Amino acid sequence: MSVAQLESEEIQLEATSGLWSDAWRRLIRNPAAIIGFVLVALFVFTALFAGVIAPYDPREQNLDLLEGSCCPGPSADHWFGVDDLGRDVFSRVVYGARFSLLIGVVSVTVGVTFGLLLGAMSGFFGGKTDTLVMRFMDIMLSIPGLLMAIGIAAMLGPGLLSIMIAIGVVNIPIFARLLRGSVLGQKGNDFVLAARAVGVPRRTILFSHILPNSISPLIVAATLALATAIIDAAGLGFLGLGPQDPSTPEWGTMLTGTVRYLQTAPFLAIIPGLAIVISVLGFNLIGDGLREALDPKLRGRT
Amino acid sequence: MLRFVVRRLMLLLPILIGLSILVFLWVRALPGDPAAALLGERATEESIAQVREQYGLDRPVYIQYLAYMRLVLRGDLGTSIKSRRPITEEISRRFPATVELAGAAMLFAVVVGIPLGFFSAKRHGGVFDNASLVGSLLGISIPIFFLALILKWLFAVELGLFPTIGRQSAEISIDHPTNFYVLDGIIALDPVATSDAIWHLVLPAIALGSIPLAIIARITRAAVLDVQNEDYVRTARAKGLASSIVDRRHVFRNAMLPVVTIIGLQAGLLLSGAILTETVFAIPGMGSWLAEAIEARDYPVLQGGILFVAIIFVLVNLVVDVSYALVDPRVRLS
């Protein structure tokens, strides 16, 4: 066996562990990320099976339970107590997971889709397109995020869809900048120059050479954006821009009225708040874990 | 240096013009007629038409915009439809409240966050490091308004240690020449009023400062860890410099560069968070004002308020950029 053959076999052996399997191996050895997965799994499970888990109808009022005082705390019948209209808080929190998950996923999808499109265009074509798109992104970024979300939600009228669009739009410039930077970084790489040299069309270069290589920072950012989206959605709900029907069990909306009952029934604020913290923490832990796992500087180390 | 600043200022111009158009169009796109909102349920067709004419709402949009910009450039942001007071006057009372709150929050975040990050990095991997990592992760995972509610419940309602709402107690009556209540107390040489104002700031500042605190601690930790492995730090240690001097002169100073940037970038976050914090603690600042204006469809307030906030935000970012260029000689100014 010649030396050349030996060497090529060694290289083959190393190359079998790709970026993703490598990252996955690092991710499942990271205890923080595992906790994140557990929390997110709990959150998603609750959202999907809310109808099975919740013992009561989240909108059903039962004023008899109040007995003139607000509000009866946790008991065997009502694990997390009853709110000021006699609704079961546990059932409301469980159904609330649905809304938060929906808002989070839809708004991040909106942000990623448009951000990806604008950022990739801007980075790839450069010139006037780049200037125009990025100036517009700068203008959007010059309005503090929540203020802009409030503005958009107010313009569209309060409601679930408005919240999703508002948070999604606020996310667009963040992803656009990320993608643009990433595409610009890739453009000068040898494999892109090589593809251009052999005459691969520009679109193919963008979609099959540049974008796949920009995907890992995008995944990290999207996971962290999910966490922020859940917090922002709750914030908009808290400010009264949430679902128009106030009986909708949305976590932020649930917190709105609780200021009045802080003294007599603090659990009304604590329970939906903790639900938000747990789900957000889950996405943040996964996001951090992914960032470390996908970091090319750490590749090869396990 | 001067050329750099001027260039950056020139770049701001298109952003500010675009911003003013965007805000102007946005306000027009809001549902509901402000004239109707102003007059309430008893409005007649005629009175609505009269108000629309009075505020120029019946003219074409671009003329309204140009007329508005002419006033803005003269420093006139218009009059609130609801309170009927000039918006600039309202801003001069409310903006200091928000700046005071944001400043206190930032102070809390910096004073706690930087040492936290620094000692975490020094004891990298230890119990303290892990505890502060978990803590800062929790910090960015708690919604500001939830933390505000919890702090209010625990320390104001249950323990009665702090006031629950507002900027000063009812029995305090001093002049407010600056509208920064802490400063006003000092100017009036009134220790009771000063401490009262500070007391009102504590809980809102902690709530608002929690996220910047977590971010600053994380960035400081990462920066110190990075710098610690640099050649010049190893050289400094190898030549026998006392470790406290190496920490202070070589590690800390260089690690502060990214931290300074991050501190500047928190301005938008603080303004966003102020909207929620001010709502929970009933602080009459910019945030609670804009939130109320949306509900009342107070067009001029929304337009003027948001434009003002955005201009401040853009200028803060400029100052951050410039100061960064000043601190870090590696940043090329061209």
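This is a predicted model: local features need pLDDT of at least 70, side-chain atom pairs count only at pLDDT 80 or more; totals for chains, interfaces and linings use all residues.
Glu45(B) belongs to helix α3 (residues 45-54) of chain B.

**Glu45(B) and Tyr62(B)**
- In sequence, 17 residues separate Glu45(B) from Tyr62(B).
- In space, their C-alpha atoms are 25 Å apart.

**Helix α5 of chain B**
- Helix α5 covers residues 87-122 of chain B, 36 residues in total.
- From first C-alpha to last, helix α5 reaches 50 Å, close to the 52 Å expected at 1.5 Å a residue.
- At Arg93(B), α5(B) has a kink of about 30 degrees.

**Asn179(B), in a loop with positive phi**
- Asn179(B) sits in the loop between α7 (144-158) and α8 (181-187) of chain B.
- The phi of Asn179(B) is positive, about 70 degrees, although the residue is not a glycine.
- Asn179(B) is partly exposed because 16 other C-beta atoms lie within 10 Å, a count between the limits of 12 for exposed and 20 for buried.

**Leu189(B), in a loop with positive phi**
- Leu189(B) is located in the loop between α8 and α9 (191-228) of chain B.
- Leu189(B), also a residue other than glycine, has a positive phi near 50 degrees.
- Leu189(B) counts as exposed because it has 9 C-beta neighbours inside 10 Å, and the cut-off for exposed is 12 or fewer.

How values were computed. Residues are numbered from 1 along each chain as its sequence is written. Chains are lettered from A and ligands numbered from 1 in the order in which they are written. Helices (H or I, at least four residues) and strands (E, at least two) are DSSP runs, numbered from the N terminus. The expected span of a helix is 1.5 Å times one less than its number of residues. The bend at a residue is the angle between axes fitted to the seven residues ending there and the seven starting there.
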